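Biologist: I have a chain open here and would like a quick tour. Can you walk me through it?

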Amino acid sequence: MLCRNVISLTLPGNLFRAMRIRTVAAAIGLLACLPLHAAPVSKAALALHKRVLVLDSHMDTARLLEQPGWNILERHDAARDLSQMDWPRLREGGLDGAFWAIYTPQGSRDLQGRAEAAEHGLAQLMRLHDLLARYPRQFGLALSSEDARRLKAEGRHAVFISMENAEPLASDPALLETYQRQGLRMLGLVHTSNNDLADSATDAPEWHGLSPAGRQLVHRANCLGVVSIPRQSRGLY
């Protein structure tokens with residue numbers, strides 16, 4: 001594991017093995033999820049899809065957990081609620097696990113905005129843990145590739161926790177350790193707008209990559225074994 005003050009796209013060993021397996025199965029997984037009339041899948045491909053560990057590196061489903069009455073165990077229509085998955089579709093598609101993103105829209109970069117982002121991020125983290133506690137027969141927290149394999153063998157979906165836009169950490173970077181203890185294993189520093197940590201590729205250059213605070217956060221993430229990715233970042237250095 002790297003522990004230096006630059007951004008690292010190298011996954012810690014146990015997660016790297018899981019993600020490498022995911023890249024082998026990704027194309028097969030996509031084919032298996034398509035309607036049969038659109039892409040016939042051979043028996044050999046389906047057999048391989050069932051045998052390997054299939055992971056998705058980014059899932060936005062966590063944002064739906066805050067909607068009143070939205071039940072992940074029920075089948076949903078993506079055209080109506082933009083849901084990427086639910087338990088019936090997850091099982092049909094053969095998705096063994098995913099990185100569930102704690103997404104925070106970029107708000108104002110003042111004290112109030114940072115406080116709201118911190119509150120929003122922690123609320124989503126709690127909703128994910130509530131999901132795990134509420135449906136232990138269907139879902140389980142994964143901290144390593146070994147956890148994902150075990151959960152697959154048990155017939156459960158492996159929930160890796162990630163963060164999309166690190167604005168919840170802007171006011172108090174030490175919160176990263178709290179998130180890591182609660183299962184965070186992937187950290188996306190920025191989304192569609194610049195923040196105090198990094199530039200976004202869809203915004204005007206401000207830091208020309210990472211800010212000093214962003215470099216420090218990546219350094220700490222590396223030391224904690226949290227993968228740091230410059231999502232929609234303009235530059236790294």
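Modeller: From the N terminus on, the elements run α-α-β-α-α-β-α-β-α-β-α-β-α-β. That comes to eight helices and six strands. Helices (H or I, at least four residues) and strands (E, at least two) are DSSP runs, numbered from the N terminus.

Biologist: What should I know about the model itself?

Modeller: This is a predicted model: local features need pLDDT of at least 70, side-chain atom pairs count only at pLDDT 80 or more, and totals for chains, interfaces and linings use all residues. Residues are numbered from 1 along each chain as its sequence is written, and side-chain values use heavy atoms, with hydrogens and water left out.

Biologist: How much of the protein counts as buried?

Modeller: 48% of the 237 residues. Buried means under 20% relative accessible area, exposed over 50%, partly exposed in between (1.4 Å probe, protein chains only).

Biologist: And the nonpolar core, which residues have the most contacts inside the largest one?

Modeller: Trp-100, Phe-139, Leu-169 and Leu-187, in a core of 40 residues. Helix H4 (87–93), E2, H5, E4, H7, E5 and H8 each give two or more residues to this core. A second, separate core has ten residues, including Leu-53, Ala-158, Met-186 and Val-227. By nonpolar core I mean a set of buried Ala, Val, Leu, Ile, Met, Phe, Trp, Tyr and Cys residues joined through side-chain atoms within 4.5 Å.

Biologist: Take H8. What is its span?

Modeller: Helix H8 covers residues 212–224, and its end C-alpha atoms are 19 Å apart. At 1.5 Å a residue, its 13 residues should span 18 Å, so the two agree. The expected span is 1.5 Å times one less than the number of residues.

Biologist: Which of its residues are buried?

Modeller: Gly-214, Leu-217, Val-218, Ala-221, Asn-222 and Leu-224. Seen down the axis of H8, they fall within an arc of 160 degrees, so they line one face of the helix. The arc is that of the directions from the helix axis to the C-beta atoms.

Biologist: What do they pack against?

Modeller: Helix H7 (175–181), strand E5 (184–188) and strand E6 (227–229). The face turned away from the buried side carries the exposed residues Pro-212 and Gln-216. Pro-212 has a relative accessible area of 56%. Just after H8, Gly-225 takes a positive phi of about 80 degrees.

Biologist: Now H5. What covers its buried residues?

Modeller: The cover includes strand E2 (97–103), strand E3 (139–141), strand E4 (157–164) and H7. Among the buried residues of H5 are Arg-114, Gln-124 and Leu-128. The helix has 24 residues (111–134) and reaches 34 Å from its first C-alpha to its last.

Biologist: Is Trp-70 buried or exposed?

Modeller: Buried, with a relative accessible area of 13%. Trp-70 sits in the loop between strand E1 (55–59) and helix H3 (78–81). Not counting residues up to four places away in sequence, Trp-70 touches Thr-61, Leu-64, Leu-65, His-76, Asp-81, Ser-83 and Met-85. Contact means heavy atoms within 4.5 Å.
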